[in-house]
Amino acid sequence: MIRTDSLQFTYRDTENHNFRFPDINLPSKEDILILGPSGVGKTTLLHLLAGLLPPKEGSISISNTYLNKLTRKQLDDFRGRHIGLIFQRTCFIKSLTLLENLTIRERLSGKKNDRYRKEELIIHLGLSDLQDKRVYQLSEGQQQRLSIALGVIHKPKVILADEPTSNLDDTNCEKVISLLKKEAQICKSNLVIITHDQRVKSHFDNHIIL
Amino acid sequence: MLYLAYKNLISKPLNAFLSVSLLLLSISLAIFVLQVRDQLNEHLENNCKPFDMVVGAKGSPLQLVLSSLLHIDNPTGNISLEEALKIGKNPMVKEMIPVSYGDNYKGNRILGTSNEYLTKYNAVLQEGELHKKSFEVVLGNAVAKKTNLLIGDTFASAHGLAENELETHDEQPFTVTGILKPTGTIIDHLIITNLESIWEVHEHKDTHDHHEEEEEEELREITSMLIKFRNPLGALQMSRFINEKTTMQAALPKFEIERLMRFLGIGFRTINGIAMAILLVGGLSIFINLIKTVKERKQELALLRTYGANTFQLIKLVFLEALFLSLLGAVLGWFLGRISIWFFSSITNNIYGYFFAFNFPNNKELIILVLVILITLLAAILASLSLFKLNVSKTISDA
């Protein structure tokens with residue numbers, strides 16, 4: 001469950017652009033698509049929801065926890081436990097293998113080592129036999145799927161995906177969206193996708209346009 | 001975290017190697033010098049402890065101590081036994097042991113002395129018995145091992161103190177009657193016999209070589225007299241008297257050894273200074289390494305933040321990397337220091353009869369190791385300062 005109330009954010013270092021965001025009120029397990037052209041603050045909103053940026057005005061609550069009431073450390077913990085981020089451009093820890101990347105994500109969320117969960121996820125995402133490969137040895141598609149795996153491994157309450165389809169062709173775009181939806185279902189999470197990609201629109205009932 | 005730190009390090013093996021080798025070099029150098037100085041000092045003191053004063057022919061007092069007590073240098077010359085014995089009349093003298101030498105067997109000095117010499121160094125027999133007659137000897141433990149001589153074996157001595165096969169006293173062979181237990185002192189490297197043997201060997205020689213006819217047989221000579229006083233103050237007074245009023249010279253081992261260590265101290269300090277400089281460079285290299293790591297991996301560190309790691313966990317990661325490097329450098333450096341001591345020891349043992357033991361870390365070394373770790377941790381603190389200001393959102397979006 002995600003609820004935001006009169007969110008505002010201002011970047012101090014740039015030309016003092018002030019973002020005002022529409023209120024979101026999303027019941028648990030539901031998905032939402034946030035659409036908008038570049039530069040309207042889509043990624044900013046996502047980072048606000050993830051607690052990576054502090055809002056200037058307004059409040060965010062995720063499963064009845066108000067992010068602005070948490071200390072820095074509590075916020076880090078909360079993020080680790082309940083939020084899964086999937087980035088526009090894939091980023092991993094290069095010195096580790098695929099499986100080790102998953103393990104460290106799992107560990108930092110405070111969860112115990114769950115082999116079954118990891119194996120299941122690896123099979124779901126078609127990454128079998130690649131566990132011990134270094135991340136830079138993976139193809140772009142494989143990296144994209146690993147990125148999804150890293151976002152959902154710890155069964156977060158909220159999955160936040162930033163432009164997950166922008167670099168993909170139509171078939172892969174379909175695949176990624178259905179994978180995300182399926183994983184969100186398994187994890188019983190809210191899936192929040194921000195994108196400018198109009199192809200995604202038809203897959204979601206809830207839209208917000210920035 | 002530990003695993004990640006380790007993985008991060010080995011993903012940049014060259015950087016890690018550079019830092020570790022700098023640390024290793026400086027630590028091993030410092031430890032080497034420390035060990036050599038401590039053990040050398042201990043050896044010298046052990047060897048000199050039984051005696052307060054050495055009386056010998058005029059010359060350098062350091063040379064006299066080195067030759068008569070430590071058996072490293074050549075003797076300054078001979079003195080007359082009769083004259084030396086006069087010193088013994090002084091009531092302050094507790095004990096007096098004459099030593100005489102001039103021959104060797106395969107580089108091991110043959111020392112003519114009284115049996116008290118052995119008791120002064122607490123030397124006891126391992127097997128066999130003490131020499132009773134002339135041309136009977138007991139072997140120091142190391143000599144026995146080196147030469148493989150057994151009880152009952154005979155050998156011919158060579159003239160002089162250096163190993164040579166040319167001038168041997170074949171006509172008067174020595175017989176081994178006993179072998180001493182290891183004492184950890186210079187005795188281990190000596191062949192001990194009575195004074196008369198030394199005299200007889202050379203008398204014999206003199207009758208052969210007619211160049212030295214003027215040598216008077218009646219005047220017994222010794223190389224030096226080792227003296228123990230009842231009261232250490234006696235040494236000061238007596239030495240002044242001997243140096244001024246007689247043709248002999250008196251040297252105080254304690255002073256001479258201190259002087260020697262002072263000379264060597266300059267060298268030790270220089271090497272220590274170099275070690276410290278290398279240590280600083282090592283610390284600097286780790287520091288630069290870490291700063292580079294933090295910069296290069298800014299994105300990964302930000303990623304870890306999105307995974308729920310807090311700033312302190314990131315700092316811990318940097319610390320662990322630094323700690324890995326410093327511990328590796330410290331442990332390897334310690335071992336290298338010990339190994340070089342061991343090499344050094346095998347050389348000195350052959351030449352000077354000085355053995356440097358493979359010791360466990362002592363307090364001073366632990367201080368060095370702690371110092372090294374502190375330096376690297378300091379480097380880690382400085383390098384991780386930027387983590388406090390890490391803008392996760394920006395770093396991730398800029399990816």
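Visitor: Which residue in β12(B) is the bridge partner of B:Val99?

Guide: The model is a predicted one. In it, B:Ser224 of β12(B) is the bridge partner of B:Val99.

Visitor: What makes β3 and β12 of chain B a pair of strands?

Guide: Pairing requires at least two bridges between the strands. Strand β3 (residues 93-105) of chain B and β12(B) are joined over 6 bridges, in the antiparallel sense, so by the cut-off of at least two they count as paired. Strand β1 (residues 53-57) of chain B also runs antiparallel to β12(B), with 4 bridges between them; there, B:Met53 is found opposite B:Ile227.

Visitor: Why is β12(B) called largely enclosed?

Guide: Of the 6 residues of this strand (residues 224-229), 6 are buried, so the rest of the structure largely encloses β12(B). B:Ser224, B:Leu226 and B:Lys228 point one way, B:Met225, B:Ile227 and B:Phe229 point the other way, and all are buried. In a regular strand, side chains alternate between the two faces of the sheet.

Visitor: How do you know whether B:His131 is buried or exposed?

Guide: Buried means a relative accessible area under 20%. The value for B:His131 is 5%, and therefore this residue is buried. B:His131 lies in the loop between β5 (125-128) and β6 (136-139) of chain B.

Visitor: With which side chain does the side chain of B:His131 make a polar contact?

Guide: The partner is the side chain of B:Asn115, at 3.3 Å; the cut-off for a polar contact is 3.5 Å. B:His131 also touches other residues, including B:Glu136, B:Thr177 and B:Ile192.

Visitor: How do you know that the length of helix α5 of chain A agrees with its number of residues?

Guide: At 1.5 Å a residue, the 13 residues of α5(A) (residues 140-152) should span 18 Å, and the end C-alpha atoms are 19 Å apart, which agrees. Moreover, 10 of the 13 residues are buried, so α5(A) is largely enclosed by the rest of the structure. Among the buried residues are A:Leu146, A:Ile148 and A:Val152. The elements of chain A against which the buried residues pack include α3 (98-108) and β8 (158-162).

Definitions and conventions. Residues numbered from 1 in each chain as written. Chains lettered and ligands numbered in written order. Predicted model: local features only at pLDDT ≥ 70, side-chain atom pairs only at ≥ 80, totals over all residues. Heavy atoms only, no water. Expected span 1.5 Å × (residues − 1). Buried < 20%, exposed > 50% of the residue type's maximum accessible area, 1.4 Å probe, protein only. Contact = heavy atoms within 4.5 Å. Polar contact = N/O pair within 3.5 Å; in protein donor to acceptor, adjacent residues only side chain to side chain. Lists of a residue's contacts leave out its neighbours within four places in sequence.
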